[in-house]
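Work through the exercises below with the sequence and the structure at hand, and try each task before reading its solution.

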Amino acid sequence: RSSTTSTASLSTMGEAAALENIGLLSWQCGELGEAQRFHRQALRLFGALNDRRHIAVALNNLALVYSSLNQPEVALRYLNEALPILHSLHDVSREGRLLVTMGSVELLLKRNRAAVAHQTKALGLLRDGPDARATADAMTNLGRALGGADPAESIRLFEEAIPRYRQIDDRRGQAGALHHLGMAHAAGGDN
């Protein structure tokens, strides 16, 4: 009986993981309704398995879809639901990446103070870790959130992010950081 239960759980886990992957692919292809449907199905299955880590990942992925649908408030609800799960699991890397996403959503809502708080916390969790992209994203987003309020700190953050993007050959991230670096120089009077 135990082996039947274990096999069923593995089968459900495999199905949920496949749905999650299809959801991510759908999101990347811009098929947001499909992505939403697949992530919801995966979330339901992970919930049935009481797999908290994957529940948090599915909630994060749903937040990405809602952010892409220009529904940042809904995205934040999912992120706020996922954050304490990851924190309780001591999953520092995922918690840091989720905080980067939260800060990005706060920037969309023009809530710079909240964005600064999320990016600062993310940077504290990620800075010494192996995820160069998430660290560079946190630096870039923090620099954006600080904006004209602290151009010197923004410039420092962009200058620190650029080589990290270069290290992982992320040209889009590097171009964005360079763009924001130029804007920060202009805001600081360095024309």
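Helix axes here are lines fitted to C-alpha atoms over the stretch in contact, and the angle between two axes runs from 0 to 180 degrees between their N-to-C directions. Keep in mind throughout that the model is a predicted one.

**Exercise 1. Describe the overall make-up of the chain.**

Solution. Begin with the secondary structure, which comes to nine helices and zero strands. Finally, consider the extent of the chain, whose C-alpha atoms fill a box of roughly 70 × 35 × 30 Å along the principal axes.

**Exercise 2. Determine how H3 and H4 are arranged, and which residues bring them into contact.**

Solution. Two packed helices are described by the angle between their axes and the distance between the axes. For H3 and helix H4, which spans residues 72-88, the axes come within 8 Å and cross at roughly 160°. Angles over 145 degrees count as roughly antiparallel, and therefore H3 and H4 are roughly antiparallel to each other. The crossing of these two helices is left-handed. On the H3 side the contact includes Arg52, Ile55 and Tyr66, while on the H4 side the residues include Pro72, Tyr78 and Ser88. Sorted by class, the contact of H3 with H4 has 14 nonpolar, three polar and two charged residues.

**Exercise 3. Carry out the analysis for H5 with H6, and then for H8 with H9.**

Solution. Take H5 and helix H6 (residues 112-126), which pack at an angle of about 160° with their axes 8 Å apart. That makes H5 roughly antiparallel to H6, and H5 passes H6 in a left-handed crossing. Among the residues that meet are Val92, Val100 and Ser104 in H5, and Asn112, His118 and Leu126 in H6. By class, this contact of H5 with H6 has 10 nonpolar, seven polar and four charged residues.

Turn next to helix H8 (residues 151-167) and H9, whose axes come within 9 Å and cross at roughly 160°. H8 and H9 are therefore roughly antiparallel to each other, and their crossing is left-handed. The contact includes Pro151, Phe158 and Tyr165 of H8, together with Gly173, His180 and His185 of H9. Its residues divide by class into nine nonpolar, five polar and two charged.

**Exercise 4. Characterise the largest pocket: what is its volume, and which residues lie nearest its centre?**

Solution. The volume of the largest pocket is about 670 Å³. Its lining is made up of 22 residues, and those nearest the centre are Val100, Ser104, Arg133, Asp137 and Tyr165. The elements that give two or more residues to this lining are helix H3 (52-68), helix H5 (92-108), helix H7 (132-146) and helix H9 (171-187). When the lining is sorted by class, one finds seven nonpolar, nine polar and six charged residues.

**Exercise 5. For the second largest pocket, which helix gives the most to the lining?**

Solution. Start from the volume of the second largest pocket, which is about 230 Å³. Among the residues lining this pocket are Ala56, Asn60, Leu64, Leu86, Arg94 and Thr101. H3 and H5 each supply at least two residues of the lining, and H3 gives the most, with five residues. By class, the lining of the second largest pocket divides into five nonpolar, three polar and two charged residues.

Note on methods
Residues are numbered from 1 along each chain as its sequence is written. This is a predicted model: local features need pLDDT of at least 70, side-chain atom pairs count only at pLDDT 80 or more; totals for chains, interfaces and linings use all residues. Side-chain values use heavy atoms; hydrogens and water are left out. On a 1 Å grid over the protein atoms alone, a cavity is a set of points where a 1.4 Å probe fits but cannot get out, and a pocket is an open set with protein on both sides within 12 Å along at least five of seven lines; lining residues have an atom within 4 Å of a point. Grid points are joined across faces, edges and corners, and a volume is the space filled by probe spheres set on the points. Helices (H or I, at least four residues) and strands (E, at least two) are DSSP runs, numbered from the N terminus. Ala, Val, Leu, Ile, Met, Phe, Trp, Tyr, Cys and Pro count as nonpolar, Asp, Glu, Lys and Arg as charged, and the others, Gly among them, as polar. Angles under 35 degrees count as roughly parallel, over 145 as roughly antiparallel, 65 to 115 as roughly perpendicular and the rest as oblique. A crossing is left-handed if the near helix is turned anticlockwise from the far one by less than a right angle, and right-handed if clockwise. Contact means heavy atoms within 4.5 Å.
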